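Here is a quick tour of this model, going from the backbone to the ligand and on to some packing. Have the structure open while you read.

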Amino acid sequence: MTGSVTVTRRSPIRVLSIDNPPVNGLGAAVRRGLAEELERALADADVDAIVIAGRGKMFCAGADIREFGQDPPPDTPHLPDVIDAIEASTKPVVAAIHGVAAGGGLELALGCHARVASSDARVGLPEVTLGIIPGAGGTQRLPRLIGVEAALELIVSGKLIPAAEAKKLGFIEEVIHEDGDGDVVEAAIAHAQTITTPRRSSEGELDTDEAVFDAVKKSIAKKARGFDAPYAAIDAVRAATELPIREGFARERAIFLGLVNSDQARAQRHVFFAERAVAKVPDVPKDTATKDIRRVGIVGCGTMGGGIAMSFADAGIPVIVLETEEAALDRGLQSIRGVYESSVKKGRISKEEMDARLGRLQGTLEASELNDADIVVEAVFESMEVKVDVFRRLDEICKPDAILATNTSTLDVNEIADATKRPENVIGTHFFSPAHIMKLMENVRGKKTSPETVATVMKLSKRLGKVGVLVGVCDGFVGNRMLYAYRRQADFLLEEGALPQQVDGALYDFGLPMGPFAMADLAGLDIGWAIRKRQAPTRPKDLRYSPIADRICEMDRFGQKTGAGWYRYEPGSRTPIPDPEIEKLVIDVSAELGFERRTIDDTEIVNRCMYALINEGAKILEEGIALRPGDIDIVWIYGYGFPRYRGGPMFYADTVGLDKVYEFMAKLYQEQGEWAKPAPLLEKLAKEGKSFKDYADSNPA
Ligand code: CAA
């Protein structure tokens, strides 16, 4: 049990401060401390009012998530009971909020009779992002304070909002500027002395307009597809409109308890901690010196180069983009402008913001102009020859301590680094397309990449608002290497009896934003084709190879950009339409290869694709290409839209059971040979009855 509640006597006010670094989580000791100190303050005739505050960085980030799923120590009060006691207090209780009041932290504040916040504070109920709902009265008190519609918006989105916005909505009474108006605790003390009759948020009736609930459901349909918690939160708020407060609390608690140990909540908790763990690199300590990145060079202004340039400009970092020909440079810069103009039209950014971002972008045809860049990101054609040539030139032009980064998605970063005299300053920064939107960066550490370079680029990812995952060198790194294994099974399923729309449908229903064939059409089929042609001479002839994708390219169908690929597309539309021509091709290929087509159900599709994906993940883990199973999960959640409520592929594997995954792959291995060979780590863990979590716990990165 960690944490405590410290008491400051400021007669006639008593200040109770939560002290449980780093985020003042409401762990068992804190709950007990609050309950006991409240009782003491109430019993003390010298105390007129009470202020609840937080020590350190923030007021309180809510329940201690680490305690979920564990039985609390005996005699520890539950949070709802602590909050009830606060609300019932006959002496005024005021919350003094600074930093963050989130989840149970805000619910605690809602139980107080008033809330005073510093202007930089952010408040909200992010529980849905953890697969649960506010479980300490939030869904019942907040609607009574600010109305059903505004409360739904906050609870269902899980967003933290600035204190000023919360004041406008009506659940913060006073906002102070810490420098100007003084200290938030002092302000709360002063506020407490003005309260004559405590105002209790659980009192009052609510008007109901049924249409509000339907409208919210409709508005979240796309984003919340597959998630239980947002819908459960709507039910809880509905209860606030239908039931007396005590019954409403009980209904909220029942929904909360029904979710807290569900697979979805466990998965989302895992993602919460995995997102934070990913930034930690064991042999690169937190205090490793990093380089200042003030100016950035980008080589290549195509789709990737342009997207990467925008990522930097959006983060306030000046960028210079190099192209070899004027026409290509103009085209690239024009398309960047087009993206910004469309953002202005959609109201996402202001015209001034667009001008500021464009002002940070400069194009050049002169490589020498990259000489003062602190980091240069290469985004040219995916060919070792071309990249080696670019890196040799960059090595000559760039200042000696500049970092040289490659956006390669498949090539050997060590070979690229060895083309320079500064391999310690060379690293892969694999952005995902569209680079200004996708949040994932695979930061690829080469054999000689220095800790300083790793630390700088990991920090830079954060500055760009992205999630940087450190990976090792191999073909396709983590994401694409696993994608190959997954996609291969999808291709084989076509030959055996499925059609593209069926495979895509099954994986969409599993929770992915789109299936592999719709995704291939979106990305374009030509690059993969070029790679396969290059690999053809060395491809092992005894291994199964599906020719369907090549045949589609031979028909000049390269995906959405040509209006046809695995599907056909109406002009100007991105909606895939199943195409009889492709269905015929698939059936013809089955016949040519001697497959007797059979009915394949969605479960087989999902299992084949997912288990192959997991199996490759296990190989990646064992080879040390990824540091932790959670890192692989983060790559798939941020890079490929793997459903967060399933926790990523490796967490999903644990929920399925590794024995089941292993047995499936062992059987597939007998049919397909090497492609489906079970990863030794998967076999080992399965036979020992262990999970990837057990592996992570016993091999801390
Ligand atoms: N419980 C346990 N640990 C927590 C935590 C929590 N509620 N919130 C954060 N932490 C941990 C993080 O894991 C991290 O640990 P490490 O340093 O070991 O990695 C550390 O605290 C710092 O967290 P961040 O790196 O996220 O710090 P930040 O300053 O960037 O962000 C924050 C601060 C906005 C509060 C962010 O931590 C956050 O969003 N926390 C979760 C808030 C939340 O979801 N609260 C609801 C909890 S559920 C609940 O309260 C249910 C209920 O109804 C009772």
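P434 sits in the loop between β15 (426-431) and β16 (440-444). A cis peptide bond joins S433 to P434, with omega about -5°. Keep in mind that this is a predicted model, so take the geometry as computed.

P22 lies in the loop between β2 (13-19) and α1 (28-43). Most peptide bonds are trans, and most residues other than glycine have a negative phi. On the phi side, have a look at F477, where phi is near 50°, a positive value in a residue that isn't glycine. F477 belongs to the loop between β17 (467-471) and α19.

Now for the ligand. It has 27 residues around it, and the closest are A61, G104, E107, R276 and K280.

| Residue | Distance to a ligand oxygen |
|---|---|
| E107 | 2.7 Å |
| E127 | 3.1 Å |
| K280 | 2.6 Å |

On its own the ligand has 990 Å² of accessible area, and the protein covers 78% of that. Two or more residues of the shell come from each of α3 (104-111) and α12 (263-277), with α12 giving the largest share, three residues. Sorted by class, the shell is made up of 15 nonpolar, four polar and eight charged residues.

Which helix does α19 pack against at an angle of about 115°? The partner of α19 (residues 479-496) is α21 (residues 516-523), and the two axes are 10 Å apart. On the α19 side, the residues are L483, Y486, R487, A490, D491 and L494, and they meet P516, F517, M519 and A520 of α21. By class, that contact has eight nonpolar residues, two charged ones and no polar ones.

Finally, the aromatics: how many aromatic pairs does the structure hold? There are eleven. One of them is F510 with Y652, whose ring centres are 5.0 Å apart; their planes stand at 80°, so this pair counts as edge-to-face.

Definitions and conventions:
Residues are numbered from 1 along each chain as its sequence is written. This is a predicted model: local features need pLDDT of at least 70, side-chain atom pairs count only at pLDDT 80 or more; totals for chains, interfaces and linings use all residues. Side-chain values use heavy atoms; hydrogens and water are left out. Axes are lines fitted to C-alpha atoms, for helices over the stretch in contact, and angles run from 0 to 180 degrees between N-to-C directions. Helices (H or I, at least four residues) and strands (E, at least two) are DSSP runs, numbered from the N terminus. Contact means heavy atoms within 4.5 Å. Ala, Val, Leu, Ile, Met, Phe, Trp, Tyr, Cys and Pro count as nonpolar, Asp, Glu, Lys and Arg as charged, and the others, Gly among them, as polar. A residue is near a molecule or strand if one of its heavy atoms lies within 4 Å of it. A polar contact is a pair of N or O atoms within 3.5 Å; within protein, one must be able to donate a hydrogen and the other to accept it, and residues adjacent in sequence count only if both atoms are side-chain atoms. Accessible areas come from the Shrake-Rupley method with a 1.4 Å probe; for residues, only the protein chains shown count as cover. Rings of Phe, Tyr and Trp (its six-membered ring) pair if their centres lie within 6.5 Å; planes under 30 degrees apart count as stacked, over 60 as edge-to-face and the rest as tilted.
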